[in-house]
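Please read them alongside the coordinates.

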Amino acid sequence: MNRIVPGRDAIAENTEAITELVQHLEVVADGAEAGQGERRQQLIAWMASEIDVDPAVESFGNPALKEVPLASRPEAARIARALTAFVLRQQWRISDQATDSAVLMVSELATNAVQHTGARVFGLRLRRGAGWIRIEVRDPSRGLPCLMPVSTTDLRGRGLQVVNQLSDRWGVDLLPRGKTTWFELRLALTHDRMRNQPSAQPD
C-alpha cells in the first residue's frame, strides 16, 4: 500500500502561533530555576512530539545523513524540532532528557535563522560521535549572534541564553559565505540507549 506523505504546506502553521509558542517556551525555560522545571519539561516534551515526525523526514530529508535545507518561513522551527526529535529518539535512541534539551535549543537556533539573518534558506545538520551529539544550523549571514543579558520580564532575546544554559558547548564557525551556529551535548553512558551500537562519525 502506498503511503500518502503530506507536503510542506500541510505542516505549515500560523506565524503568530509559532511566535507565541517560542516566547512561552523561553519564559518557561528561564523560570525553571524558580520552581517551574516540571512545567518546562512538559512543554518541551510536547513540543518534540507536536507533529508526525515520519512525514517530516520523508518530505524534507534526514539531517543525520546530510544537511537538510529549510525555507526561512514561520513553520521552519517546528520542522527543525520534528526532524531533531525523530533522529534523537527513533534513530539514535538518545535519552529523553537530552532529546528534550536538544529540541528546545534547535528551535531557538532555527527561529534566530528565520528572524535575524535575512536568509531565504538555512541548513540543519545533526552529527554524533562517541559520547556526544552536535547540532548545526547554517545560514548565509556572517553576522555573529550575541549573548545579550535579559531580564525576567523580557519576552524576546532569550534564545542564546537557553542554548548557553542547556548545552555543554556552543559556538559559531564563520564560513566563506555565511556561518554555522552549533551546540553540543555530552551523553552519559548510562543514559545513551544506543551505547552498544556503532556511532555515526562526523564528515
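**Notes on the sheet, its helices and the core**

1. In this predicted model, β4 and β5 (residues 178-186) run antiparallel and are joined by seven bridges. Within this pairing, Arg 169 has Glu 184 of β5 as its bridge partner.

2. Helix α5 (residues 76-91) packs on the sheet, where it touches β1, β2 (121-129) and β3 (132-139). The direction of α5 makes about 15° with that of β2. Helix α6 (residues 96-116) also packs on the sheet, touching β2, β3 and β5; the angle between the directions of α6 and β5 is about 170°.

3. The sheet itself is open and has five strands in the order β1-β2-β3-β5-β4, with antiparallel pairing. β1 (68-71) and β4 (169-175) are the edge strands, each pairing on one side only. From one strand to the next, the twist averages 20°.

4. The largest nonpolar core contains 35 residues. Those with the most contacts inside this core are Leu 70, Leu 83, Leu 88, Trp 92, Leu 124 and Ile 133. At least two core residues come from each of α4 (53-60), β1, α5, α6, β2, β3, α7 (159-166) and β5. The top contributor is α5, with nine residues.

5. Which residues does Leu 70 contact, leaving aside its neighbours within four places in sequence? They are Phe 60, Ala 76, Ile 79, Ala 80, Leu 83, Arg 120, Val 121, Phe 122 and Leu 124.

6. On aromatic rings, the structure holds zero aromatic pairs. Trp 182 does have Arg 134 lying over its face, at 4.1 Å from the ring centre.

Terms used: Residues are numbered from 1 along each chain as its sequence is written. This is a predicted model: local features need pLDDT of at least 70, side-chain atom pairs count only at pLDDT 80 or more; totals for chains, interfaces and linings use all residues. Side-chain values use heavy atoms; hydrogens and water are left out. Two strands pair if DSSP finds at least two bridges between them. Helices (H or I, at least four residues) and strands (E, at least two) are DSSP runs, numbered from the N terminus. Axes are lines fitted to C-alpha atoms, for helices over the stretch in contact, and angles run from 0 to 180 degrees between N-to-C directions. Contact means heavy atoms within 4.5 Å. Rings of Phe, Tyr and Trp (its six-membered ring) pair if their centres lie within 6.5 Å; planes under 30 degrees apart count as stacked, over 60 as edge-to-face and the rest as tilted. A charge sits over a ring if NZ of Lys or CZ of Arg is within 6 Å of the ring centre and within 35 degrees of the ring normal. A nonpolar core is a set of buried Ala, Val, Leu, Ile, Met, Phe, Trp, Tyr and Cys residues joined through side-chain atoms within 4.5 Å. Buried means under 20% relative accessible area, exposed over 50%, partly exposed in between (1.4 Å probe, protein chains only).
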